[in-house]
Number of protein chains: 2
Amino acid sequence: MRVLGIDPGSRITGYGIIEKVGNRLVHVDNGAIYTGDHKDFASRLHRIFEGLCGVIEEYRPDAMAIEQVFLAHNAQSALKLGQARGAAIVAGVNAGLPVSEYTAMQVKQAVVGYGHARKEQVQQMVKSLLNLPEIAQADASDALAVAVCHANSAGMKNILRSAR
Amino acid sequence: MRVLGIDPGSRITGYGIIEKVGNRLVHVDNGAIYTGDHKDFASRLHRIFEGLCGVIEEYRPDAMAIEQVFLAHNAQSALKLGQARGAAIVAGVNAGLPVSEYTAMQVKQAVVGYGHARKEQVQQMVKSLLNLPEIAQADASDALAVAVCHANSAGMKNILRSAR
């Protein structure tokens with residue numbers, strides 16, 4: 001199973017692709033789509049959508065995973081973030097991918113084994129789990145983390161199903 | 001010039017298409033895309049995106065217009081609204097449409113001639129301007145209003161240009 005994790009933002013959208021081979025997680029690619037140079041908000045959303053459509057076309061993932069957001073304190077920034085998320089999610093569903101959401105705590109639990117892990121611990125663990133040569137760009141690293149969370153949760157569901 | 005106005009929401013997305021023929025505004029169609037029956041938020045966004053792609057394909061508008069949002073007080077509802085807006089805007093930009101945003105005050109000014117008009121006045125004026133048999137569904141009416149605002153603003157720009 002190949003998973004595309006995304007961490008959408010109105011300026012930087014991180015993405016990470018991993019493959020689950022048996023019980024092993026293999027890093028495929030990660031990167032970030034930068035949109036900050038477009039003043040026009042509609043062009044930013046289009047850049048996110050197009051960029052992710054390109055990633056999906058290139059790597060053909062089986063599923064998309066995204067972190068749930070509860071932290072947006074400010075309504076105006078929540079609206080911006082929501083627009084970026086909307087553009088990103090539509091890229092996934094339009095390509096026929098199932099989209100799963102995970103809370104930050106689920107992601108940390110899945111990656112570090114501890115739901116209250118610090119950001120640096122998560123980044124370090126993503127690097128080590130996926131044998132990356134260095135810590136990935138922050139948003140790409142978050143995207144890889146949610147992909148890892150999905151790959152492991154999906155594995156759990158399969159284990160639960162076969163145990164019945 | 002044919003304008004698609006939209007009023008995106010996570011449960012109901014209104015749309016309205018008008019055509020500017022000379023100085024006359026002609027109603028083409030209006031309607032609402034209902035997504036409340038999908039529990040899955042990604043499916044809702046997909047429904048909005050697909051629905052608007054269908055409207056664009058059918059009516060081939062030249063431009064998309066949307067109201068700016070400043071009113072979202074609650075961050076969680078702003079996030080939801082943002083996601084719906086993102087999905088809707090991507091449908092437009094992906095079809096090559098320029099997307100323009102107008103404040104609520106600009107829309108009211110353009111439709112009623114008074115920036116602090118009440119919602120009912122705007123709905124009544126949209127009905128009367130476009131010769132509708134009755135007041136359109138609330139979100140569709142808002143979508144028509146922002147389309148009228150764009151059609152008239154674009155007209156103004158042309159007038160200003162030709163006067164030089």
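This is a predicted model: local features need pLDDT of at least 70, side-chain atom pairs count only at pLDDT 80 or more; totals for chains, interfaces and linings use all residues.
View 1. Residues are numbered from 1 along each chain as its sequence is written, chains are lettered from A and ligands numbered from 1 in the order written, and side-chain values use heavy atoms, leaving out hydrogens and water. Axes are lines fitted to C-alpha atoms, for helices over the stretch in contact, and angles run from 0 to 180 degrees between N-to-C directions. The crossing of helix 3 and helix 4 of chain A is left-handed (the near helix is turned anticlockwise from the far one by less than a right angle; clockwise would be right-handed). From helix 3 of chain A, K108(A), V111(A) and V112(A) take part. They meet Q121(A), V122(A), M125(A), V126(A) and L129(A) of helix 4 of chain A.

**View 2. Five strands of chain A build an open sheet.** Their order is 3-2-1-4-5, and the pairing is mixed. Strand 3 (24–34) and strand 5 (99–102) of chain A are the edges, each pairing on one side only. On average, neighbouring strands of this sheet are turned by 25° against each other, direction ignored. Strands (E, at least two residues) and helices (H or I, at least four) are DSSP runs, numbered from the N terminus. Two strands pair if DSSP finds at least two bridges between them. Strand 2 (residues 12–21) of chain A pairs with strand 3 of chain A over 10 bridges, in the antiparallel sense. Here E19(A) stands opposite V26(A) of strand 3 of chain A.

**View 3. Two helices of chain A lie across strands of the sheet.** Helix 2 (residues 75–94) of chain A lies across strand 1 (2–7), strand 4 (63–67) and strand 5 of chain A. Helix 2 runs at about 160° to strand 4 of chain A. Helix 3 (residues 104–112) of chain A lies across strand 4 and strand 5 of chain A, at about 90° to strand 5.

**View 4. UniProt lists D7(A), E67(A) and D139(A) under "active site", in an unreviewed entry.** They span 133 residues in sequence, yet no two of their C-alpha atoms are more than 11.6 Å apart, so they gather at one spot. UniProt positions use the numbering given here, feature names are shortened, and annotations may be inferred rather than shown by experiment. The place of D7(A) is strand 1 of chain A. D139(A) lies in helix 5 (residues 138–163) of chain A. D139(A) is buried, at 19% relative accessible area (buried means under 20%, exposed over 50%, partly exposed in between; 1.4 Å probe, protein chains only). Leaving aside residues up to four places away in sequence, D139(A) touches D7(A), I12(A) and G14(A). A contact needs heavy atoms within 4.5 Å.

**View 5. E67(A) lies in strand 4 of chain A.** The unreviewed UniProt entry also lists E67(A) under "binding site". E67(A) is partly exposed, with a relative accessible area of 28%.

**View 6. H46(A) sits in helix 1 (residues 41–59) of chain A.** H46(A) counts as buried, at 17% relative accessibility. Beyond its neighbours within four places in sequence, H46(A) is in contact with V93(B) and N94(B).
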